[in-house]
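Subject: The structure I promised you

Hi,

Have a look at it first, then read on.

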Protein chains: 2
Amino acid sequence: MPTHDELDVAKRIVIGLNKIGLALRHHAWQKADKARLTPTQGQILSFLDAHAGECVGTSAVAEALALTRPTASEAIHALVQKGWVKREPSPADRRAACWTLTEAGRRQAEAAKTWADFLLPAVAALDPNEQVIFLRSLMKMIRVLQVQQKIPIAAMCVTCRFFRPCVHDDPQKPHHCAFVDAPLGDRDLQLMCSDHETADEAHAAHVWNILTQRRRRHDDPRVHDGVPDAAAGAAETRRD
Amino acid sequence: MPTHDELDVAKRIVIGLNKIGLALRHHAWQKADKARLTPTQGQILSFLDAHAGECVGTSAVAEALALTRPTASEAIHALVQKGWVKREPSPADRRAACWTLTEAGRRQAEAAKTWADFLLPAVAALDPNEQVIFLRSLMKMIRVLQVQQKIPIAAMCVTCRFFRPCVHDDPQKPHHCAFVDAPLGDRDLQLMCSDHETADEAHAAHVWNILTQRRRRHDDPRVHDGVPDAAAGAAETRRD
DNA sequence: CCAACTTAATTAGCACTCCTAATAAAAGTC
DNA sequence: GACTTTTATTAGGAGTGCTAATTAAGTTGG
């Protein structure tokens, strides 16, 4: 009889993910000292860089990185002190800030973006077949975490390059996210997606077109026998 | 055909692992407040509990959690203040400490042990076959990180001198543990084995070779579930 | 139109994280 | 007995992360 602990596979996976998390944290701090840029600060720079052009306030940063607003506020001010971020007034709201990168900040952000690439050699130890399965598994997990609100939500699907509007027949979940590979409903769009990556303008315009067209149809709901109205609308507005 | 393939699989895996890391950190701090136990402190309690009976000093803790000794020292003293850890003298060395849990500390450790279990529902989203592959992939990655000194040593089968990979014909239990003298399957591979003893380099390299080559010889056909043949073919061609 | 929300951001206060550098003390070396 | 290594700590500093309270600017409703 083996005397090894009888932990099931799932628990051992959790332990393993923890190890990876440990590596991430450790590495983040290691580099922190070199670049005078702590983990949180680096992530804020990356986030601001990814959302350049949008008006990103303290709250948006806090939400994206799963921090409280005070914590985000302090970290941002540290970056301001270092001359990498500056405050622009929001056109709409005199209370709100629009944090933007300075020229030096953009350079820092470029460097910070690759901070996790030290994991790439480890990933390369998997053969291509394993990588695909591993990625698919990660996506499944991330989706569950998102649904359970364990992962912060970062940006709107509508501006995301992974977003595919109106491709399913299910009226509850007509859209599709190509990153987590799962259907999305309209109410999911209100939330922001933690896997968001800004789409190019063409894609964004395309998405917007489809959404606005369909919404018009939606205003005039038709119910067929056993056929949901949105399905008909989606089918008609779908485009290749 | 997906249009979102601009990033290769490896980079998306890194992004995904980052997300999991974010969830881990966030969740750790959430619970921290409830239990008046910060992430590092919780991990120290777990570690001491797992190594009860051994003489664990400050350095050992620091190494296991990838902290500097001063950081570990401070965290331990916070736990002493709370009455969960006490110092015992080392029999051999009057400088060294043997940190041990108090009765209350053992109770706290028991609770702290499950802190990452919030990930279990996410893991459960994977089917059993995926779980096994995911676990094996994690171990491969962790081993690379260990070799690169990016992560403290983990007590994994893959680095253990008692581990004999692929010595049985039973595809369910191809490996063998020479310590408990019992066959092991992929699902039995350990990440935190209490009987682990680090193998010498020759043995480690040998194990690694066999594990990475094995897939072509007799792999479980279910592994290829849902994955294009091209991927398996690529795996096929990658050995000398 | 002003009192009563609500929201954006900050301040204050606290405990802890994480680092480097310097120190103290014991143990091993020569 | 001085020299070096190892174990643990202290000192000092920037940063993380939280809650609670505050300031200021919008929004809403009687």
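Below is what turned up, going from the disulfides to the helices and strands around them.

One thing to keep in mind: this is a predicted model.

Let's begin with chain A as a whole. It has 10 helices and 7 strands. Of its 240 residues, 50% are buried. If you take the contacts in chain A between residues at least 6 apart in sequence, 54% of them join residues at least 24 apart.

Now the disulfides. A disulfide is a covalent bond between the sulfur atoms of two cysteines. How many are there over all chains? The count comes to 2.

One of them joins A:Cys55 to A:Cys98, with an S to S distance of 1.7 Å. The link of A:Cys55 and A:Cys98 is left-handed, at -80° about the S-S bond. A:Cys55 sits in the loop between α2 (39–50) and α3 (58–64) of chain A, while A:Cys98 belongs to strand β2 (residues 97–101), so the bond ties together parts that are 43 residues apart in sequence. Are the two ends buried or exposed? A:Cys55 has 42% relative accessibility, so it counts as partly exposed. A:Cys98 has a relative accessible area of 6%, which means it is buried.

Over in chain B, B:Cys55 and B:Cys98 form a disulfide, and their sulfur atoms are 1.7 Å apart. This link is left-handed, with -85° about the S-S bond. B:Cys55 is in the loop between α2 (39–50) and α3 (58–64) of chain B and B:Cys98 is in strand β2 (residues 97–101), so here the pair connects parts that are 43 residues apart in sequence. B:Cys55 comes out as partly exposed, at 43% relative accessibility. B:Cys98 is buried, at 7%.

Why is β2(B) described as largely enclosed by the rest of the structure? Because 4 of its 5 residues are buried. This strand also has a partner: strand β1 (residues 85–89) of chain B pairs with β2(B) in the antiparallel sense, over 5 bridges. You can find B:Cys98 in that pairing too, as the bridge partner of B:Glu88.

Two packed helices are described by the angle between their axes and the distance between the axes. For α2(B) and helix α5 (residues 103–112) of chain B, the angle is about 110° and the axes are 8 Å apart. Angles of 65 to 115 degrees count as roughly perpendicular, so that is the label for α2(B) and α5(B). Which residues meet there? From α2(B) come B:Gly42, B:Leu45, B:Ser46 and B:Asp49. They meet B:Gly105, B:Arg106, B:Gln108, B:Ala109, B:Glu110 and B:Ala112 in α5(B). Sorted by class, this contact has 3 nonpolar, 4 polar and 3 charged residues.

Last stop: a sheet in chain B. Three strands make an open sheet in the order β3-β4-β5, with antiparallel pairing. Its edge strands are β3 (163–164) and β5 (182–184), each of which pairs on one side only. Strand β4 (residues 175–177) is joined to β5(B) by 3 bridges. If you want one pair to click on, B:His176 has B:Pro183 in β5(B) as its bridge partner.

Note on methods: Residues numbered from 1 in each chain as written. Chains lettered and ligands numbered in written order. Predicted model: local features only at pLDDT ≥ 70, side-chain atom pairs only at ≥ 80, totals over all residues. Heavy atoms only, no water. Disulfide = S-S within 2.5 Å. Helix = DSSP H or I, 4+ residues; strand = E, 2+ residues; numbered from the N terminus. Buried < 20%, exposed > 50% of the residue type's maximum accessible area, 1.4 Å probe, protein only. Axes fitted to C-alpha atoms, helices over the stretch in contact; angles between N-to-C directions. Parallel < 35°, antiparallel > 145°, perpendicular 65-115°, else oblique. Contact = heavy atoms within 4.5 Å. Nonpolar A, V, L, I, M, F, W, Y, C, P; charged D, E, K, R; others polar. Pairing = 2+ DSSP bridges.
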